[in-house]
Amino acid sequence: MVPMTFNTIESFLTYAEARNAKGRFGFDHFKQAMVSLGNPQNDVPCVHIAGTNGKGSTTNYLRSILQTAGYKVGSFTSPHLIIHNDRIRINDANISDESILSYANRYADFIETHNLSMFEIDMLFAVMYFKEQKVDYALYEVGLGGRLDATNIVTPLLSIITTIGFDHMELLGNTLEAIASEKAGIIKPFVPVLTAEPKKVCLAVFNEFCERNHSPLISLGKTRRLEGKEGLRYSYRGYKVHLNTLALYQIKNSATALEAALFLRTQGLVISDEAILKGLEDAQWKGRFEKVSDNPLIILDGAHNAHGIAALKESAKYLPRPLFVVFSALKDKETDKMIHGMLDVTSHLIVTEFDFYRASTVDLMAKDFPVEKVKDPKQAIEKALERSRGGSLLITGSLYFISEVRQKILPELLKRSL
């Protein structure tokens, strides 16, 4: 029996997490639920961001630009990295426990009546929070796919599709065309679409959807990397951009946000060149090639699929040697390709497990690869720390794994080593 009221954030999150979709993939019921509320998602102008990789980073870069330009910006992303609250933020500040509890109790009957999953609950709360806090603009990151994702209730000023790769194939399809079609499901009539995807097979799909919807398609232009001592520097459309990161893949993500800002200017937003450059430079995104320790050098990166590992490899090549990698992933990922990718940059790869119902096992992942298997993630990281002295440690894989490492495992290990 569902309690009439939730008294603590823990009790509500336990309830919400138990409402995972359990194989349901579709959102007609959620769409109808929001209709019954008067479609509050239409009350705040927004941008909708989809893609296999890079959508969270692109969302964050665009948030930083808009915030620097003086706007009040709501952002909805997933999964969370530190606490559940960080999925829903205004000007990069998490929604409070008190606000979540207020919505939980206000909508408890509504959630039950409409049989909402945890992600749908999160989206509902984000929509209401952004509306009631009177944000100027909201940024919604797609959770899975696009066409049937709960965020697809919005009609944005701009739709963004970052890049396309093989992920969630049991739901999205086994070809790039099929996956691109699911992502293109966010395209709305007469709403312009910006994409960073260069592959012709995917662009053909986007063009088809855009023609059908009378939606202009904007493709990201070329970037040129510039020399610099700290962070990354590149030029794009006459802008010389500096990023406070060593992750080469963030060049494309930040350039996508820059292009989005230029489009939003045409819609009447006041965004100076200075706000664009400062917003990009100031943006921080936890869990994406994030340096969490200098001595020893430890990098966390949520490269959660083969596409992400391929992008990560380019930055990992520049890390000090010896390079040790600790890796774990979900059981629906192409872990063979991911491990192959990591073995291209290191011969010191430790495969581990973590406590999550969708997590894979060391035996399923490791197979006959020349890797070390350590089931306990704390022991795996401890071993890697001992052996990587003078070099670097890269911890990568599922964002759920990175979250556990960042919150629980690393703080204890680093405190012990001090």
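For sorting residues by class, Ala, Val, Leu, Ile, Met, Phe, Trp, Tyr, Cys and Pro count as nonpolar, Asp, Glu, Lys and Arg as charged, and the others, Gly among them, as polar. The model is predicted, so local features need pLDDT of at least 70 and side-chain atom pairs count only at pLDDT 80 or more, while totals for chains, interfaces and linings use all residues. Residues are numbered from 1 along each chain as its sequence is written, and side-chain values use heavy atoms, with hydrogens and water left out.

**Exercise 1. Describe the second largest pocket: its volume, its lining and the class make-up.**

Step 1: On a 1 Å grid over the protein atoms alone, a pocket is an open set of points with protein on both sides within 12 Å along at least five of seven lines, whereas a cavity is a set where a 1.4 Å probe fits but cannot get out; lining residues have an atom within 4 Å of a point. Points are joined across faces, edges and corners, and a volume is the space filled by probe spheres set on them.

Step 2: get the volume, about 310 Å³ for the second largest pocket. Of its 15 lining residues, Asn244, Thr245, Gln284, Phe289 and Glu290 are the closest to the centre. The elements giving two or more residues to this lining are H3 and strand E12 (290–294). (Helices are DSSP runs of H or I with at least four residues, strands are E runs with at least two, and both are numbered from the N terminus.)

Step 3: sort by class. The lining of this pocket has six nonpolar, five polar and four charged residues.

**Exercise 2. Now go inside: how many cavities of 30 Å³ or more are there, and what lines the largest one?**

Step 1: the count is two cavities of 30 Å³ or more.

Step 2: the largest cavity comes to about 40 Å³. Phe12, Leu13, His84, Arg87, Ile88, Ile100, Asp122 and Phe125 line it. Helix H1 (9–17) and helix H6 (118–132) are the elements that give two or more residues to that lining.

Step 3: by class, the largest cavity's lining has five nonpolar, one polar and two charged residues.

**Exercise 3. Work out how H2 packs on H6, and H3 on H11.**

Step 1: take H2 (residues 28–36) and H6, which pack at an angle of about 30° with axes 11 Å apart. (Axes are lines fitted to C-alpha atoms, for helices over the stretch in contact, and angles run from 0 to 180 degrees between N-to-C directions.) H2 and H6 are therefore roughly parallel; the cut-offs are under 35 degrees for roughly parallel, over 145 for roughly antiparallel, 65 to 115 for roughly perpendicular, and oblique for the rest.

Step 2: find the contact, meaning heavy atoms within 4.5 Å. His29, Phe30 and Met34 of H2 meet Glu120, Met123, Leu124 and Val127 of H6.

Step 3: the axes of H3 (residues 55–68) and H11 (residues 273–282) come within 8 Å and cross at roughly 130°. That makes H3 oblique to H11. On the H3 side, the contact uses Tyr61, Ser64, Ile65 and Thr68, and H11 brings residues including Ile276 and Leu280.

**Exercise 4. Which residues does a cis peptide bond join, with omega about -5°?**

Step 1: Ser78 and Pro79 are the pair. Pro79 sits in the loop between strand E2 (73–76) and strand E3 (88–90).

Step 2: another cis bond, with omega about 5°, joins Asn295 and Pro296.
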